Amino acid sequence: MASNNRVTPEEALAYHMEPRPGKYEITASTPMATQRDLSLAYSPGVAVPVQAIADNPETAYDYTVKGNMVAVISNGTAILGMGNLGALASKPVMEGKAVLFKRFADVNAIDIELDTEDAEEIIKAVSLMGPTFGGINLEDIKAPECFIIEQRLKEMMDIPVFHDDQHGTAVICAAGLINALEISGKKIQDVRIVLNGAGAAGIACLELLKSMGAKHDNCIMCDTKGVIYQGRTEGMNQWKSAHAANTSLRTLEEAMEGADVFLGVSAKGAVTPEMVSGMAEDPVIFAMANPDPEITPEEAHAVRPDAIVATGRSDYPNQVNNVLGFPYLFRGALDIHARAINDEMKIACAEALAKLAREDVPDEVAMAYGRKLAFGRDYIIPTPFDPRLIHVIPPAVAKAGMDTGVARRPIVDMNAYELALKSRMDPTASIVQGLYARARQAQARMIFAEGDDPRVLRAAVAYQRAGLGKALVVGRDADVKEKLEAAGLGDGYRELEIVNAANSRHLDTYRDFLYKRLQRAGQDRQDIHRLAARDRHVFASLMLAHDHGDGLVTGATRKSAHVLSLINNVFDAKATDGAVGVTALLYKGRIVLISDTLVHEWPEPEDLANIATQAAKVARNLGLEPRVAFVSFSTFGYPVSERATKMHLAAKVLDGRNVDFEYEGEMTVDVALNKEAAAHYPFSRLTGPANILVVPARHSASISVKLMQEMAGATVIGPILTGVSRPIQICSSTSTVNDILNMAVLAACKVG
């Protein structure tokens, strides 16, 4: 199952450069608006917590970010298999690690690149940072220095020090092995294990498995010179020597004969099909070399259909991915103010991951991956986007830390802790991930109407290269080619299908269809010819109407109202036809849909009820259970005005329709979205904060969306056009490449 998701150098550089250089920024979590705020944040107010910490250092966890702050530290001597490229070159990787901490476990992290290869200098620098952080994550530091640095820092510091290249891989590998052995009916103390790759990750894997019950005499470690055996002197060090076996085996091929388990953290092609064929019954093969495994699953299964195979890649089942471990290990360790992350905590993490993979998989996870997942040979490790990870793994880690005495502040109420962890999960990320997975499964032929715009062309190339489907671009060949070359995507020209009136064999059919539709609307044949042949929005709509594409994205170069009027020449997308625009706002882990943001200028109560019904369909397509609030500047009758009354009447219309979603109104936005404000109205029919706001008019919808976007930095998806017979999405003229791609994904998923 090869991956279609190609990333070009130009795309990767643009991602890191736009909208501003780098991958994260720091924002204040407390008010900073008034002189009083500043007096509390700095002088004189800050003196109070300063004295409190001086009197009792433990209170630093109460009054500062220390308890939720990790340092991601590297010197760039072993970057992602690229080798020693230096501290500065490692910064993009370390920034990426920092945002993964935040994305998956809501852990604040800052990257620190140290410009030295001297282990003693690194040890001194990191140890001096102890007061700042709640934990230290070491990354991409070459062996053997990484062993020395981690061990010394563990001895010197009273906060967790964790080298993820070693232990992250080891934990996920152990989780997968627990389940693989259960499927094959074997026990860890009985199996013969062969490991190829005696670097940091390989040594950590064997150490952790031995602490879980694997026997030293049953474990054979190999490097580029063959088996590491007792008495060997070539290429040895103290860490390899600890795993030297008393054996006559000398090569990897000899070691693999009859082995139950192969663990690879080495290089592409290190294992041959012949080696696999000689393994024991139900062999377990973890070929974890990146970017290409020691042997592919296809090659292994060709000779051993009974093999259970895992790799480090996302395009194969059973991905051994460190992101399943380090965010949640640190989350659990930070929450008990741990002094260390010990073996018991790592084992607890592995066992919790293994147990989670054996449980029923939620529908949203299956949706995100485009297939039903169930425990078995192709699913022995949870997927990185499983929303249960955040509230399953940290409690197991925290409990192990408490049981082994490394917790400064044990958790008293574990149930409350799990609930608190659930609230940290950002639902927006899993929804977006799910949409992309659905689009990848749909493989829609997406029509990009504005092939003269570089943003649209870049989005079309990204759509195709992400494996989402076929991109059809309406434009002139020479112009498309020139603009793609200017954008550094010249090779994308050969991948896209360029369509226009001049090269379309369907133009006469399109004109006949359009003439029949518009001949009684004041249009003669000459008007029709101009519309069909010269207007890209109309031409693209005609393509869609004739099934020459599966979805349409347009609007990036013209005002949405004008684009909608052009589309209406081909489709019925007017207010009277039931069309509605729904905009999704994503902000701080919340999703709120606002309607109507595109079609209805001044909807009446019946229109508002229709808008609510259409918005509820969109919400369900996004994986949300709809709760509709008809919002105004009044709440349940006060103050009284015409604009508020029609919102009240809209709810009455729905009363007579027996709809299958929650709704209430009229109410102000704070009552709709804030549980505390809503508590003053216990008779409200909403069981929780609204996720759909139906507003009195299009201008108020537009103002609300743009205000949230500009002032709060909310992510805006839409307006999503719904109520039209075919999937059409209209971008805004300010859309970025990513915005256009998101709209294409919505069209592919038929969210409208």
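Student: Which residues of the largest nonpolar core touch the most other members?
Tutor: A word on the model before that: it is predicted, so local features need pLDDT of at least 70 and side-chain atom pairs count only at pLDDT 80 or more, while totals for chains, interfaces and linings use all residues. Residues are numbered from 1 along each chain as its sequence is written, and side-chain values use heavy atoms, with hydrogens and water left out. Now the general idea: in soluble globular proteins, nonpolar side chains tend to be buried together. A nonpolar core here is a set of buried Ala, Val, Leu, Ile, Met, Phe, Trp, Tyr and Cys residues joined through side-chain atoms within 4.5 Å; buried means under 20% relative accessible area, exposed over 50%, partly exposed in between (1.4 Å probe, protein chains only). Of the 99 residues in the largest core, those touching the most other members are Ile-73, Ile-136, Ile-193, Leu-263, Phe-286, Met-345 and Leu-353. Helix 8 (residues 164-184) gives this core its largest share, nine residues. Helices are DSSP runs of H or I, at least four residues, and strands are runs of E, at least two, numbered from the N terminus.

Student: What is Leu-353 in contact with, leaving aside neighbours within four places in sequence?
Tutor: With contact meaning heavy atoms within 4.5 Å, Leu-353 meets Val-171, Ile-172, Ala-175, Leu-324, Pro-382, Leu-389 and Ile-393. There's also a second, separate core of 66 residues, with Ala-459, Ala-460, Val-473 and Ile-720 among them.

Student: How many aromatic pairs does a search of the whole structure find?
Tutor: A pair of rings is described by the distance of the centres and the angle of the planes. Rings of Phe, Tyr and Trp (its six-membered ring) pair if their centres lie within 6.5 Å; planes under 30 degrees apart are stacked, over 60 edge-to-face, and the rest tilted. The search turns up 11 pairs. One of them, Tyr-510 with Phe-539, is edge-to-face, at 5.6 Å centre to centre and 75° between the planes. Tyr-510 sits in helix 22 (residues 507-518) and Phe-539 in helix 24 (residues 536-545), so their pairing ties together parts 29 residues apart in sequence. Both Tyr-510 and Phe-539 are buried.

Student: Why is the pair of Phe-636 and Tyr-681 called tilted?
Tutor: Their ring planes are at 55°, with the centres 5.5 Å apart, so the pair counts as tilted. Phe-636 is partly exposed, at 26% relative accessibility, and Tyr-681 is partly exposed at 26% too.
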